[in-house]
Every structure is written in C-alpha cells, then in structure tokens.
Amino acid sequence: MVYDPQEYVEAVLALVESIPPGRVMSYGAIADALHDRFERGSARRVGTIMAQWGGGVPWHRVVSGGGRLPPGHELRARALLAAEGVVFRGSRVRMAEYAWHPGDTDAGGG
DNA sequence: TAGGTGACGGTCC
DNA sequence: AGGACCGCCACCT
C-alpha cells in the first residue's frame with residue numbers, strides 16, 4: 001500500500017466536505033473513519049491538516065472530541081454552527097446529538 | 001538519524 | 001465548569 005501524505009490530506013478535506021450542515025465530526029472520528037483506507041493518520045494529524053488546508057472546507061463542522069471549538073476560531077465556529085441550528089451546551093457542542101459519521105443519516109438529533 | 005511541534009484525547013483535581 | 005498533565009504520532013527541520 002503506497003501512502004502519500006498529500007493523498008491523506010485530500011481524503012480528510014473530502015470527508016469534511018461530506019459532513020451535512022447542522023452536524024459535526026471530531027478530529028478523532030475523522031482519523032478513525034479514514035483509518036480504514038490509510039495506515040497512517042491520527043486526530044493530531046487531522047488537526048494539523050485542518051490548520052493548514054481547512055480554509056476551503058466547512059471547518060466549523062469539525063470539533064474536538066469533547067465538542068470544543070478550534071482555538072482561535074471559537075467565536076467564528078460558534079456563529080457558523082448556530083446558523084445551522086446547532087444548540088450549544090455552554091461553550092461546547094452536544095456531541096451526543098450532533099456527532100455524525102459516514103453512512104449515518106443527515107438528520108440531526110433534534 | 002535525532003529533536004521539536006501541534007485546529008488531539010482522556011484523566012485527574 | 002475550568003485548568004493542568006501526560007500520552008500519542010506523523011510531519012518537518
């Protein structure tokens with residue numbers, strides 16, 4: 001299996017773009033989902049990728065495992081998510097309701 | 001080849 | 001609810 005870092009980056013970005021509005025995915029969930037097709041990858045790597053090339057995708061739908069928003073973009077992400085109907089639990093997203101993974105329905109927890 | 005770095009994740013207080 | 005600590009891992013220098 002030939003592994004190219006650039007290819008992994010594209011896969012991450014593609015997966016982020018597939019996240020339905022009003023739904024979120026954690027860095028770890030993304031890494032785990034891609035772990036099926038890439039032997040390399042981790043939540044850390046996904047975070048680094050988002051920091052560098054996340055500008056062209058719905059980055060606000062990617063949050064930490066605990067539903068926390070990306071450092072430096074908390075206000076921005078919060079506003080964007082709120083506009084999509086995401087309800088916050090303090091300063092965190094309620095992962096139990098909004099967590100999404102490939103293959104799941106696009107309907108939210110409601 | 002070795003060392004530093006970071007949009008993480010879970011635990012402990 | 002908030003903050004500090006350690007473990008993890010691939011990428012870059």
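In the predicted model, Arg37 is placed in the loop that lies between H2 and H3. With 11 other C-beta atoms within 10 Å, a count that falls under the limit of 12 or fewer, Arg37 is classed as exposed. Between Arg37 and Gln52, which stand 15 residues apart along the chain, the separation of the C-alpha atoms is 22 Å.

The two helices that flank this loop, H2 and H3, are also the elements that give two or more residues to the surface near DNA strand B, where helix H2 spans 27-34 and helix H3 spans 43-53. Of these, H3 provides the most, with 6 residues. In total, 16 residues are found around DNA strand B, and those that come nearest are Gly28, Gly47, Met50, Ala51 and Pro70. The class composition of this surface is 7 nonpolar, 8 polar and 1 charged residues.

Around DNA strand C, the residues are Pro5, Arg40, Gly41, Ser42, Arg44, Arg45, Gly90 and Ser91. Sorted by class, the surface near DNA strand C consists of 1 nonpolar, 4 polar and 3 charged residues.

In soluble globular proteins, nonpolar side chains tend to be buried together. The largest nonpolar core of the model comprises 25 residues, within which the most contacts are made by Val12, Val24, Met25, Ile30, Val46, Val62 and Val93. Two or more residues are given to this core by each of helix H1 (5-17), H2, H3, strand S2 (62-63), helix H4 (74-83) and helix H5 (95-98), and the greatest contribution, 5 residues, is that of H2. When residues up to four places away in sequence are not counted, Val24 touches Ile19, Arg61, Val62, Val63, Val93, Tyr98, Ala99 and Trp100; of these partners, Val62 and Val93 are likewise listed among the core residues with the most contacts.

The packing of H1 against H2 was examined separately. Two packed helices are described by the angle between their axes and the distance between the axes. For H1 and H2, the axes come within 11 Å and cross at roughly 115°, and the crossing in which H1 passes H2 is right-handed. The contact is formed by Ala11, Val12 and Leu15 on the side of H1, and by Ile30, Ala33 and Leu34 on the side of H2. By class, this contact of H1 with H2 has 6 nonpolar residues, with no polar and no charged ones. Val12 and Ile30, one from each helix of the contact, are also listed among the residues with the most contacts inside the largest nonpolar core.

Terms used. Residues numbered from 1 in each chain as written. Chains lettered and ligands numbered in written order. Predicted model: local features only at pLDDT ≥ 70, side-chain atom pairs only at ≥ 80, totals over all residues. Near = placed C-beta within 6 Å. Helix = DSSP H or I, 4+ residues; strand = E, 2+ residues; numbered from the N terminus. Nonpolar A, V, L, I, M, F, W, Y, C, P; charged D, E, K, R; others polar. Core = buried A, V, L, I, M, F, W, Y, C linked by C-beta atoms within 7 Å. Buried ≥ 20, exposed ≤ 12 C-beta atoms within 10 Å, placed from the backbone. Contact = placed C-beta atoms within 7 Å. Axes fitted to C-alpha atoms, helices over the stretch in contact; angles between N-to-C directions. Left-handed = near helix turned anticlockwise from the far one by under 90°.
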